[in-house]
Amino acid sequence: MSDAAELHRTMFDAIQRRDFHALGQLFAADAIHTSGDGESATGPEPVIAEVQAFVTAFPDLAIDIRHQHVPDASRSIVEYTFRGTQSGPLEDVPPTGNEVAVAACSVLEAKHGTIRRESDYYDTMAMLAQLNVTPA
């Protein structure tokens with residue numbers, strides 16, 4: 001699997017299936033992941049931890065891919081919406097029972113059949129507003 005577009009869709013599929021092992025296998029050992037808060041980390045483990053945190057907070061988490069841009073075989077950009085009901089803790093935010101629908105974007109770079117870099121962008125303030133909480 002060397003095509004970034006296919007890797008990107010496979011990544012979202014693994015998230016939707018809650019297949020954390022398969023998700024981790026897509027990322028190179030030295031892959032750089034930048035989360036929605038702008039923090040970067042290396043390797044598949046931080047990606048898995050972030051997805052597990054979201055699935056804990058939103059057990060019904062669903063991802064709707066709206067559009068995929070593929071500038072070339074090594075890069076893919078996916079515009080998507082993530083939806084779910086917060087019935088678990090999200091960092092310091094206790095369960096609210098509120099539903100969220102947040103527009104997001106994922107930018108992926110692939111090399112030698114693995115994800116080398118993946119960055120997520122979404123409006124955290126919009127998500128917090130839908131949860132009826134304000135940042136500390």
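Which residue in strand 4 is the bridge partner of Gln68? The bridge partner of Gln68 there is Val78. This briefing concerns a predicted model. Its largest nonpolar core has 35 residues, and a search of the whole structure finds five aromatic pairs.

**Strand pairing**

- Strand 3, which covers residues 62–72, runs antiparallel to strand 4.
- Strand 3 and strand 4 form a hairpin, with two residues between them.

**The nonpolar core**

- Within the largest nonpolar core, the residues with the most contacts are Met11, Ile15, Leu23, Phe27, Phe58, Phe82 and Met127.
- Helices that give two or more residues to this core are helix 1 (4–17), helix 2 (20–26), helix 3 (44–57) and helix 4 (124–130).
- Strands that do so are strand 1 (27–34), strand 4 (75–85), strand 5 (99–111) and strand 6 (114–122).
- Leaving aside residues up to four places away in sequence, Met127 touches Phe54, Phe58, Phe82, Leu90, Val100, Val102 and Tyr122.

**Aromatic rings**

- A pair of aromatic rings is described by the distance of the centres and the angle of the planes.
- For Phe54 and Phe82, the ring centres are 5.6 Å apart and the planes stand at 85°, so the pair is edge-to-face.
- Because Phe54 lies in helix 3 and Phe82 in strand 4, this pair ties together parts that are 28 residues apart in sequence.
- Phe54 counts as buried, at 12% relative accessibility, and Phe82 also counts as buried, at 5%.
- Ring pairs link Phe54, Phe58, Phe82 and Tyr122 into a cluster; these four residues are also among those that Met127 touches.

**Residues with positive phi**

- Most residues other than glycine have a negative phi.
- His112 has a phi near 55°, a positive value in a residue other than glycine.
- The location of His112 is the loop between strand 5 and strand 6, and His112 is exposed, with a relative accessible area of 72%.
- Asn132 likewise has a positive phi, near 60°, and is a residue other than glycine.
- Asn132 is found in the segment after helix 4; with a relative accessible area of 64%, Asn132 is exposed.

Technical notes:
Residues are numbered from 1 along each chain as its sequence is written. This is a predicted model: local features need pLDDT of at least 70, side-chain atom pairs count only at pLDDT 80 or more; totals for chains, interfaces and linings use all residues. Side-chain values use heavy atoms; hydrogens and water are left out. A nonpolar core is a set of buried Ala, Val, Leu, Ile, Met, Phe, Trp, Tyr and Cys residues joined through side-chain atoms within 4.5 Å. Buried means under 20% relative accessible area, exposed over 50%, partly exposed in between (1.4 Å probe, protein chains only). Helices (H or I, at least four residues) and strands (E, at least two) are DSSP runs, numbered from the N terminus. Contact means heavy atoms within 4.5 Å. Two strands pair if DSSP finds at least two bridges between them. Rings of Phe, Tyr and Trp (its six-membered ring) pair if their centres lie within 6.5 Å; planes under 30 degrees apart count as stacked, over 60 as edge-to-face and the rest as tilted.
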